[in-house]
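Colleague: I'm new to this one. Can you walk me through it?

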Amino acid sequence: MVLISINDVSISFGGPMVLDGATLQIVSGERIGLLGRNGSGKSTLMKMLGGEITPDQGEIISGGEVRIAMLPQDVPDDLPGAVYDVVASGSRENLELLRSYHELTVRLSQAEDERLLGKLDQVQHRMEVCGAWHYHQRVKTVIARTDLDENAEFRTLSAGMKRRVFLAKALVNEPDLLLLDEPTNHLDIDAILWLEDFLLKYDKTIMFVTHDRAFLRKLATRIVEIDRGRLVSFSCDYGTYLERRQAMLEAEEKNGLDFDKKLAKEEVWVRRGIKARRTRNEGRVRALMEMRQERAQRREQTGTARLKIQEAQQSGRLVVDADRISFAYGEAKIIEDFSTTIIRGDKVGIIGPNGSGKTTLLKLLLGELEPRQGRIRLGTRVQIAYFDQLRAQLDENLTLKENIAGSNDKVFVGGEPRHIVGYLQDFLFSRDQIMAPVRTLSGGERNRLLLARLFSTPSNVLVLDEPTNDLDAETLELLEDRLVEYSGTVLMVSHDRAFLNNVVTSTIVFEGGGRLQEYVGGYDDWLRQCRVAPETQSAAIRNDRPKKERPLKEKSRLSYREARELEELPGRIEALEADRETLVATLGDPGFQVNNDPATIIAANVKLEALEKELEEAYRRWQELENLAEKFSG
């Protein structure tokens, strides 16, 4: 059954067309993942479906009386009242009728009044017409389904629970179409898994916008992409969509090249000598004019951001050494007896429930907080660049240019001056945006601006606190590639499971009661290694684990990280050998022994010993990976 038809819809906000002749049918029972680049019009389409925005042209037709509800991207956090009041406010009319009915019955219990009885009859009639008699029970049912406490004060809830309250508010009117705009933003992994499980069991139609690729893979039965103002539908899951989209883009590129070659050939023909112009075919000329018009109207695909991380001088091999550290706020234990050693080049993910202390752990490891117990030692030559999830580093009232370069026109990239306009254009900002204040940007654009600021600062340690929120898939994948290539150290808080899997080499997990545990690999690796008893795990984590313990499949090839490591090891060994030869020559020079104090000579010998150990370990690892590669190829 077709719920909604979007027919030839166009809309613009003064610039290029956001939607341009867009057409789509939404069918009952689908779970539609709505994709598109930042600023492509995803939220605009959702607001049009919800009736908040009217298209400039075209129409949106409902198949009968279709109830639509929306979970907005930004949930207010300071609403007064209990959870019941917020959820019940999903239908103001029913809520007011219930309040009126309660007030009238109270007044009539105190003193009978003919006028009050008449009003009560009117309210009861309206309640029967509107179905408000059943509304109270529906509110309680939805609150129970979403595992909420109806008496809890809304203001005191966590960000994830507030988002859950607004989901319940959207559900209370039993919508035929549920619209979800970035529903996983700022949720911890437990909450994301709960939401996945809930929506998989939800039997109505869902359209959702999300940057979370694992969420997309789990839920979407159909993908709709906004591409240059058009709505392109793929009746498949997310993995199949990626394959079909790539094939479609390759075909489009080939057709475009063929068209441009033909156009160039016709342009040459029409510009030939005077004789040719006198005898030329007028029909061919008209066809050329139509081709010119078609080429002028072609909208090129949005480019990909050109991210490049500026690397500082290499840090010392040891970056952070934490020995049995503990930390608490008052009586609340945050970290209890935790130890870790972070070496240059490590990429460490940090996961845990909201409010568990992930940002506190970052501050401890960076030396911004002192542990109550234990010791933290930072390595040498550490240069840190910090990505703040709250975007506090951006001044809302300053322009993009001023936020990155201040009053200057240039930034230094790789030691070379670069004009700020060209630099920000690499991050897909237009000239108009560059001179506009930050407050005009969308969430994804703000994150891109923060990345531009972050990557203009040379670093050998990157600290990323929720870097993936609001970023489109293309930018996310490019950021992953750059972080994998980065030779420095990465400390990253994230709830994005795919991002963790693709980037980190180890994961520190908050397991409750101040207990932290470090695991090799990303999110999926943690699930495989986790040996916490089922009764102590959260329900959401248990649901995300395999239903049956199966033996791990034997590897058939090197992993991506292992292949890259094998490729890079010869160069690393060569550099280590060169450093060793230089140091051996220095120590063998009689002048060095004569002209330096004993402490300098001892330090040089210690450095040589460390180089020998590092070189030995590099040779061992190279041999290990070579043997694995030979085994798999054989």
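Modeller: What follows covers a sheet and then a pair of helices. This is a predicted model, where local features need pLDDT of at least 70, side-chain atom pairs count only at pLDDT 80 or more, and totals for chains, interfaces and linings use all residues. Residues are numbered from 1 along each chain as its sequence is written, and side-chain values use heavy atoms, with hydrogens and water left out.

Colleague: What is the strand order in the open sheet?

Modeller: The order is S5-S6-S7-S3-S8-S9, six strands with mixed pairing. Strands are DSSP runs (E, at least two residues), numbered from the N terminus, and two of them pair if DSSP finds at least two bridges between them.

Colleague: Which are the edge strands?

Modeller: Strand S5 (68-71) and strand S9 (230-234), each of which pairs on one side only.

Colleague: And S3 with S7, do they run parallel or antiparallel?

Modeller: Parallel, with three bridges joining S3 (residues 31-36) to S7 (residues 205-209). Gly33 has Phe208 in S7 as its bridge partner.

Colleague: Switching to helices. At what angle do H6 and H7 cross?

Modeller: Roughly 15 degrees, and the axes of H6 (residues 159-171) and H7 (residues 189-201) come within 12 Å. Helices are DSSP runs too (H or I, at least four residues); axes are lines fitted to C-alpha atoms over the stretch in contact, with angles from 0 to 180 degrees between N-to-C directions. H6 and H7 are therefore roughly parallel (angles under 35 degrees).

Colleague: Which residues meet there?

Modeller: Arg164, Leu167 and Leu171 in H6 meet Trp194, Leu195 and Phe198 in H7, where contact means heavy atoms within 4.5 Å.

Methods:
Parallel < 35°, antiparallel > 145°, perpendicular 65-115°, else oblique.
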